[in-house]
Amino acid sequence: MQNKGYKIIDFNKKADIYIINTCTVTNISDKKSRQIIRRAKQNNPNSIVIAVGCYAQVAKEKLEAIKEIDLVLGNNEKKDIDNYIEKYKGEHTYTHLEDVMMQKEFVDFGSTTHIDKTRAVIKIQDGCDRFCSYCIIPYARGRVRSRTIENTIEEIKMLAKKGIKEVVITGIHIASYGKDFKEKIELIDLLEQINKIDGIERIRLGSLEPTIITKEFLNRLTKLKKICHHFHLSLQSACNSTLERMNRKYTIEDFKNVVDLLRNTYKDVILTTDIIVGFPGETEEEFSITYNNLKQINFYKMHVFQYSRREGTKADKMLNQVSSQIKAQRSKKLIALSNENQKKYNSKMLGKIVDVLFEEEDKDAIKGHTQNYIIVKVKKENINEYHNQIKKVIITQIEEDELVGKLIM
Ligand code: SF4
């Protein structure tokens, strides 16, 4: 749109067009999307307000009923917003939505990648066929569609030429990569190709479903020297009966086997995860099973979410919804456990030498990540211009839970 002469201005200013990329992951996200839509029209009552994205995709009628909205577009229509604006004749409300469930091919928006500080986040697939009972994503994003190896490699080569050293491989469910192709192509095939690209020094995997980690997968993965030894395995609950109600396809025993496989393969591996507390029907006993298993697994960091209802999902209709007070208590307990784990791990890092890719500077330090995703800070008096460079650092102290080190020249 910028190439066609559109100018991006601050959301709070008076714009001719407002594009709201809506989220629908919980009922609260829907509410926030509606609030922002209303705010946009208040900023300029004569503007065209466009709702795109996941909420628009799953709740077209609801959005059409909002008088502040002029145009409703789905996920696939995002790439043609400028064309829809040109066609728009001021009618209330003009909707264009393809049935995303029928979408068979990966839609490349031309810029599916974004640069997060120094690393490039590469989207390799869209959609999900898993239908976890709490999740609306399969309805909003449709079935699994994968980006071709050729197209992905071409883009990463271009990024490497621009100086990008680290790529993060993401999607809605990257473990499903390739299942929509006619030929047998899997995530590991793509990773092997990325590993060959000159200039790329680190390949980081986004959130992974644990079931993809098998001995065979790891046999091939360990040959790829650029793979970061950091795995974010989405666990969601560490109690089998809760996992079953969530419609997750593994047991806690399967998960622990995966953890053992990874820890036996990579000595410096860091494991992180997502956990939902207060899922419908989660009793004290179930939570305590989860807590004890999590303590045993000892993740470096856990992202803890309080279950949030989402209309249109199975979990929303389940009996025994958990009160917000109990959810908050459980969340607090798990966050405390996560902080404790991280502190313990960090204290063992003192005196160790690590490779850090420097990403951001503030007034007195430059920060970056190790390959296994620990943040390291180096005070500025020790450095010159190390942005986007990988350097060896010795960890000398811990300051407010952050590792601080000195460059080794
Ligand atoms: S695997 Fe992830 S995206 Fe797919 S349904 Fe489950 S939670 Fe949603």
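Modeller: By class, the ligand shell holds eight nonpolar, one polar and two charged residues. Nonpolar means Ala, Val, Leu, Ile, Met, Phe, Trp, Tyr, Cys and Pro; charged means Asp, Glu, Lys and Arg; the others, Gly among them, are polar. The model is predicted: local features need pLDDT of at least 70, side-chain atom pairs need 80 or more, and totals for chains, interfaces and linings use all residues. Numbering runs from 1 along each chain as its sequence is written, and side-chain values use heavy atoms, without hydrogens or water.

The shell includes Cys128, Cys132 and Cys135, along with His173 and Arg248.

Next, the second largest pocket. Its volume, the space filled by probe spheres set on its points, is about 440 Å³. Lys267, Asp268, Val269, Ile270 and Tyr345 are the closest to its centre, out of 21 lining residues. Lining residues have an atom within 4 Å of a grid point; the grid is 1 Å, the probe 1.4 Å, and a pocket is an open set with protein on both sides within 12 Å along at least five of seven lines. Three residues, the largest share, come from α12. The lining divides into nine nonpolar, five polar and seven charged. Domain 2 (114-347) and domain 3 (353-407) both contribute, so the pocket lies between them. Those bounds come from an automatic or database assignment.

Last, the cysteines. There are zero disulfides (sulfur pairs within 2.5 Å). Cys54 has its closest cysteine sulfur in Cys23, 6.7 Å away, too far for a bond.

Methods
Near = heavy atom within 4 Å. Helix = DSSP H or I, 4+ residues; strand = E, 2+ residues; numbered from the N terminus.
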